[in-house]
Structures are given as C-alpha cells and as structure tokens.
Amino acid sequence: TRHLRLVLGDQLTRGLASLTDLDPAQDVVLMVEVAAEAQYVPHHKQKIAFLLSAMRHFAETLRAEGITVDYVLLDDPANSHSFGGELARAVARHAPSGIVLTEPGEWRVWQMMQGWADALSLPVEIRADDRFFCTRGDFAALTKARKTGRMEFFYRQIRRRTGILMQGQVPQGGQWNFDADNRKPLPRGLRPPARLRFAPDALTRSVLDLVAARFGHHFGDLEPFGWAVTRDAALQALDHFIATCLPRFGDYQDAMKAGEDFLFHSLISPYLNCGLLTAREVCARAEAAFQAGAVPINAAEGFIRQILGWREFVRGIYWTEMPAYAQSNHLNAQRDLPGFYWTGDTPMRCMAECIGTTRRTAYAHHIQRLMITGNFALLAGVAPAQIEDWYLAVYADAFEWVELPNVHGMVMHADGGRLGSKPYAASGAYINRMSDYCPGCAFDPKQKLGARACPFNYLYWNFLIENEATLARNPRMALPYRTLAKMPADQRQAIIHASAQFLAGQAGWSPPAQLRLD
Ligand code: FAD
Ligand code: DLZ
Ligand code: SF4
C-alpha cells in the first residue's frame, strides 16, 4: 500500500516520525511551496529564502537515497497555494491508501489538519513530533504539579530524566543554574570571533531570485545571505560555534554591543526550528565539549538550559494553553505598534541598532529581543497581537509555537504570569549597563524628564502607574512600587504627561504600503 507523507517546511529531519517507516518502493514524500505560508505574516525575505532553499536541498537528499519526492514549486502555475489544496491535488496524482504526517509546529496548521481525513476520505495518521525531549502529553503531565509549572523545575526534571550534565542525581558543578555568572557586559577590546557564513550555491541562488521577484516588498534585506541550508553546513556552523564561541557564551550571554550582531551566540535557532539540527545532538555536542574540558560549566549549563529548558518549556506552554493563550491581554495593552519597528527610523539608538540588525540579518539575540524591542513594546503598552505579528515576521527562526510564548508571555505579560512570574520591565539604566548604545544616542539614560531624557525612563514609571491595579500586588514588583508610592504627585503627573506626549508623537501602526499583503 502506498502512503503519501507530507513533510512541512519546519520538518526537514531525516529521522522525522513520519519518515522512519517509509517504504521507498511504494511511498511518496510530498513537499509543497505555497504562498499561504509565505504570507500569513509578511516574513523577512531571508526567512522565506532560507526555508525554501532548505526545503529544496532536503528534497534532493531524499531523492539521492532513492525516495520519490513530489515537490511542488512556488511558481508552478497549477499550485493552489495552500497545504490543503496541494494535498488534495497530490492525492489525485498518486491515489495513496493513506496520509502520514508529523504534528505541525503551529496551532493554525494543526486546525487545518483536523479536516483532512474527511475532506480526502482517506485515513490520516498524525504522529507525535519526537524531535523534542518532551512530547505534548508528557508536558501536561509533568507540569500538573504546581511546583513544576515553572521553567526552572521543569528543566530540572528534564535534566534528571535525560542525564544531561548530571552525575547520578546531582547536577554537574553542584548547581542547577549558573545564571549569576552570566551577566557580564562585554569588556572593551574583546572582539567576538568571525562567524561561519555560507555562500549561496546555484539552488539557493535561484531561490534568492524567486524571493526578490515575488516578495521584494517584504521586510528586511535579502542579501548578503549566509545561512546554512543543508544539514552538513548546519553541523559545520554548530561545530564552529562550539569551538570558538561556546566557552564565553555564558559570560556574555546578556551583553549588547553596537555593530556586533552575534557576540557569542550560536545562531542555530533557524536550523533547530526547521529540523536541520536536532535538540538532542546540539545538547550532546555541548555536553561533550564540557566533559572534554574545553568549555566551563557556566557556559555549557547556560547554553543547554536554553534548549533543554526554555525551548521545551515554551513549546509545552503553547500546546497546553492554545488557542485561548493568544487571546488573553492581562495588562489590557491597546496601543498601536509604532511604524519605526518596520523602518528602524527612530532617534532611540538602542532600538535603531536592534531593528537594524534584524533588517540586515533576520536575527537578533535574546537580550535584544527581550530587553530592547520587547521591553519598549511592554512599556509602551502595545497591543499584544500587533507586536506578535512583528516578531513572527522578522526572524528567520520564528514559528508561532516558540514566538508566541516568548512575546505574549515573557515580554508582554499578557498571559498573566503563566510563563514568567513578573514582566521584565526595565529603564534606561539597565540598557546603559548592559550595552554601549547610550553614548551616541540623542537621549541621555541618566535624565528622567525633559527633552533629552531617555524615553525608557519615563515610560518605565508610566508603565508602573498604568498597571498599578494589576501589578502592585505582585510580590516580585514590590520594590519598584514602594519607590513609586514615595513619588511626589507632581512628578507622577510629569511622567504621565511626558509619556503621553512621546507616544502620541510616534506614527501609529499601519503596515507601510510596501509591506501590505497582496
Ligand atoms: P542562543 O543564545 O545561542 O541560544 C541557543 C538556543 O537556545 C537557541 O538557538 C534556541 O533554540 C534556544 N533558546 C534560547 N532562548 C530561548 C527561548 N527564550 N525560547 C525558546 N528557545 C530558546 N526563539 C525562536 O527560536 N524563535 C522565535 O520566534 C523566538 N522569538 C522570540 C521573541 C522574543 C520577544 C524573545 C525574547 C525571544 C524569542 N526567541 C525565539 C528566543 C531566543 O531569543 C532565540 O531562540 C535566540 O535569540 C536565537 O538565537 P541563537 O540561536 O543565537 O540563540
Ligand atoms: C514559513 C514557511 C514558508 C515561508 N513557506 C513554506 C512553504 O512554502 N511550505 C512549507 O511547507 N512550509 C513553509 N513554511 C513553514 C510553515 O509555515 C510551517 O511548517 C508551519 O508553520 C507549520 O509549523
Ligand atoms: Fe536607548 Fe535610552 Fe540609551 Fe538612548 S539613552 S540608547 S533610548 S536606553
């Protein structure tokens, strides 16, 4: 019997659950390039090029194994441009006895899949995605107990279960978490190493031309394009990171520096999320480097926690809380996303730097996303759905299962604390301490009010004032609210006034014409 096995753009893993029992003599792998996926948000040009090129290369490697791949190109005139439409056309071509799938990364696509068995009158088998350490069902069971509902306890459970960085029941180095060592600003004169980038081959070149022609109006620069698009190249990038950056990953994990896009970060999230690398092999290689004495424990643990802990935890939250998760708006934030998120045109140097990096590379590191562009959206009270669409569009690694909990939960606190117990609100002083953005900015991080005052300063207090009823009772917010309580009434008024004026001066969000979806 012949099975049709649909492989999605973020499922480019040979060991994928729906490919393990593939019979090359009978089965057909279906891969489809569809406009619906390129346009449900106006994805960064590099993100589209990366995924389409990685898909085309993955199809080639399957074919080289003797597997039949039915690959529908974006510019195929018969393309219906949706997953459902292309699956139906492929069923007509191949007359399979059933469809085999791996569960998708996004709720949106999961919903689509529920209708396919009826629509096609065929058995549709949806398998669990075992590329994660923790399955969807597993997560729900593991986090039922209240204590393990938080990331840190969940993470310890997974460490115990997998034995990663463990000596029996004891964590390596005697602690579960070395974050206290991981908050150093970048010392003057320390230059991060050059990163491995990959020159486009002929296949990537043709995808770049396609993206330029069809999605030229989308956000971001298409070139230079240096992402790995094959598993071999992604493995090279991983090994290069482990050898040159991982030893200092921990120390400078929270640092930011103008002109340094990558610092000591791994840049592997696009590869992990589309399947070119697996979380297990990444953790195993980092652990091996630690065991070999090449990497200190604060770096190895800090890096592995992001993948074994945060990445798994946010996925678990997404699948246990959706679809209601996306609808909540705990802080009732309603303002429009300022237009400068799409243009980078703002005198706030920190914002201009982070948005500039994003435009050029389809990447920004965690602290830039959390403490600069995220922090601003939180303080400014931007409507969660608007800032979520931005994050989902602009990063090469953005898929809703990982983007949404990070933005809706970690950044915007719109989930009322399901993900993190308090909002990460911070004023200009934090940004000044952790980066070199402020010297050279039009604003001064030390001034609280007035024309040259850093907007993060008054917006921070304005945020606390606007959300007093909701946040003042949070014990982790007690300190700033005690300070606010002592603030003279006229200063409070001045903060509210300065914030209102500043926010009114930002052009509201209407997608710049060239970004509007066709
Ligand atoms: P490194 O710093 O080298 O970390 C290693 C790996 O750990 C990453 O590749 C990633 O797989 C994982 N990781 C680290 N932090 C997180 C986290 N908070 N949640 C999940 N995984 C994590 N990550 C995405 O993969 N896709 C997104 O769409 C995404 N959106 C984000 C939006 C916001 C507002 C914030 C604050 C974070 C977001 N992250 C997202 C998490 C994190 O910022 C990126 O994974 C990271 O910056 C990717 O760069 P890197 O590979 O160099 O990471
Ligand atoms: C993001 C993306 C884009 C731009 N294009 C495609 C595509 O043409 N074909 C495809 O299979 N997947 C694409 N993707 C990734 C999908 O959006 C992703 O697989 C779903 O969000 C499910 O998680
Ligand atoms: Fe950003 Fe304020 Fe520093 Fe300017 S002064 S770079 S706006 S934190």
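User: What makes a residue part of the shell around ligand 1, and how many residues surround this ligand?

Analyst: A residue counts as near a molecule or strand if its C-beta atom, placed from the backbone, lies within 6 Å of it, and with this criterion 28 residues surround ligand 1, the closest being His265, Ser266, Ser269, Gln306 and Glu403. This is a predicted model, in which local features need pLDDT of at least 70 and side-chain atom pairs count only at pLDDT 80 or more, whereas totals for chains, interfaces and linings use all residues. Residues are numbered from 1 along each chain as its sequence is written, while chains are lettered from A and ligands numbered from 1 in the order in which they are written.

User: Which helices supply at least two residues of that shell, and how is the shell divided by class?

Analyst: Helices (H or I, at least four residues) and strands (E, at least two) are DSSP runs numbered from the N terminus, and at least two shell residues come from each of α11 (269-274), α13 (297-321), α16 (366-380) and α18 (400-411). Ala, Val, Leu, Ile, Met, Phe, Trp, Tyr, Cys and Pro count as nonpolar, Asp, Glu, Lys and Arg as charged, and the others, Gly among them, as polar; the shell around ligand 1 accordingly has 15 nonpolar, nine polar and four charged residues.

User: Which residues are closest to ligand 3, and what is the class make-up of its shell?

Analyst: Met348, Cys350, Cys438, Cys441 and Cys454 are the closest of the 15 residues that surround ligand 3. Two or more residues of this shell come from each of α15 (349-361), α19 (428-434) and α20 (455-466), with the largest share, three residues, given by α19. The shell around ligand 3 holds eleven nonpolar, two polar and two charged residues.

User: Which residues and elements surround ligand 2?

Analyst: Ligand 2 is surrounded by 16 residues, of which Leu8, Gly9, Glu33, Glu37 and Gly105 are the closest. The elements that give two or more residues to its shell are α1 (35-39) and α2, and by class this shell has nine nonpolar, three polar and four charged residues.

User: What makes β3 and β5 edge strands?

Analyst: Two strands pair if DSSP finds at least two bridges between them, and with parallel pairing five strands form an open sheet in the order β3-β2-β1-β4-β5. The strands β3 (68-72) and β5 (124-127) are at the edges, since each pairs on one side only. Neighbouring strands of the sheet are turned by 25° against each other on average, direction ignored, where axes are lines fitted to C-alpha atoms, for helices over the stretch in contact, and angles run from 0 to 180 degrees between N-to-C directions.

User: How do you know that β2 and β3 count as a pair?

Analyst: Strand β2 (residues 28-32) is joined to β3 by five bridges, against the at least two that the definition asks for, so the two strands count as a pair, and they run parallel. Val28 has Thr68 of β3 as its bridge partner. Helix α2 (residues 45-64) packs on the sheet and touches β2 and β3, its direction making about 160° with that of β3.

User: Why does the radius of gyration of the protein chain agree with that of a compact globule?

Analyst: The radius of gyration is taken over C-alpha atoms, and the globule rule is 2.2 Å times the number of residues to the power 0.38. For 518 residues a compact globule would have a value near 24 Å, and the protein chain has 24 Å, so the two agree.

User: Where is Pro224, and what is the peptide bond from Glu223 to Pro224?

Analyst: Pro224 has its place in the loop between α8 (202-215) and α9 (231-244), and the bond from Glu223 is cis, with omega near 0°. Met322 and Pro323 are also joined by a cis peptide bond, with omega of about 5°.

Methods: Two residues are in contact if their C-beta atoms, placed from the backbone, lie within 7 Å.
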